[in-house]
Amino acid sequence: MEGTNNVVLLDFWASSFGMRLRIALALKGIQYEGREENLFDKSPLLLKMNSIYSTGRRVWSGKGEDQEEAKKDLIEIFKTLEGELGDKTYFGGDENLGFVDVALVPFSSWFYSNETCANFSIEAECSILVAWAKRCMEIESVSNSLPHPHKIYAYVLELKNKFGLP
């Protein structure tokens, strides 16, 4: 099937969804055409294929009771994930990353922004999950595919400024 691998990744550098796809494609050695999207002026193709939403958005963009509720919800989700991870090295087992690892690890790029904007510590609440994220980042295909957390934070500040958020 040579020549039939026409994979197009509709992407935005800060998108957790795009990050996980970049990891999966790198792990599988699949070549692809990356198309950077403007999330404020989405292309018709992106609108057709996918809607991008982040549960953590309320944590970094919210305020007051809504933000506090969002933090509790996020920690509850993370604690559920920790329960599933148990004492395994990765969600996929002790040897290799699995599908769940690839799907979840991009969210770790947003930990710093969530913590900074909402004044809490994910590591203090969910140390097992943070340790897992650090192990994942030791894998070259993961670390080369995810943006630095400070770059995500600069983007969050840009968004907050654009939308007049505190």
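Pocket first, so I wrote down the terms: on a 1 Å grid over the protein atoms alone, a cavity is a set of points where a 1.4 Å probe fits but cannot get out, while a pocket is an open set with protein on both sides within 12 Å along at least five of seven lines. Lining residues have an atom within 4 Å of a point. This is a predicted model, where local features need pLDDT of at least 70 and side-chain atom pairs count only at pLDDT 80 or more, while totals for chains, interfaces and linings use all residues. Residues are numbered from 1 along each chain as its sequence is written, and side-chain values use heavy atoms, with hydrogens and water left out.

**Entry 1: the second largest pocket**

I looked up which residues line it: there are 13, and Ser108, Phe111, Val130, Lys134 and Pro149 lie nearest the centre of the second largest pocket. Two or more lining residues come from each of α6 (111-118), α7 (122-125) and α8 (127-137); helices here are DSSP runs of H or I with at least four residues, strands are runs of E with at least two, and both are numbered from the N terminus. Helix α8 gives the largest share of this lining, four residues. By type, I noted eight nonpolar, two polar and three charged residues in the lining. The volume of the second largest pocket is about 300 Å³, taken as the space filled by probe spheres set on the points, with grid points joined across faces, edges and corners.

**Entry 2: the strand pair**

Next I checked how β1 (residues 8-11) and β2 (residues 33-36) run: they are parallel and joined by four bridges. Strands pair if DSSP finds at least two bridges between them. Valine 8 stands opposite glutamate 33 in β2, and leucine 10 stands opposite arginine 35 in β2. From β1 the chain crosses through helix α1 (residues 16-28) to β2, a right-handed β-α-β crossover. Right-handed means that, with the strands pointing away from the viewer, the path from the first strand over the helix to the second runs clockwise.

Isoleucine 23 is in helix α1 and is buried at 0% relative accessibility. My cut-offs: buried is under 20% relative accessible area, exposed over 50%, partly exposed in between (1.4 Å probe, protein chains only). Isoleucine 23 is 117 residues from glutamate 140 in sequence, yet their C-alpha atoms are 9.5 Å apart. Arginine 22, also found in helix α1, is buried with a relative accessible area of 14%. Its C-alpha is 5.9 Å from that of serine 145, 123 residues apart along the chain.

**Entry 3: the largest nonpolar core**

A nonpolar core is a set of buried Ala, Val, Leu, Ile, Met, Phe, Trp, Tyr and Cys residues joined through side-chain atoms within 4.5 Å. Which members of the largest one touch the most others? They are Phe78, Trp110, Leu129 and Trp132, out of 36 residues. Helix α4 supplies the largest share of this core, six residues. Phenylalanine 78 sits in helix α4 and is buried, with a relative accessible area of 7%.

**Entry 4: asparagine 119**

Asparagine 119 lies in the loop between α6 and α7. Its phi is near 55 degrees, positive in a residue other than glycine. Asparagine 119 is exposed at 67% relative accessible area.

Notes
Ala, Val, Leu, Ile, Met, Phe, Trp, Tyr, Cys and Pro count as nonpolar, Asp, Glu, Lys and Arg as charged, and the others, Gly among them, as polar.
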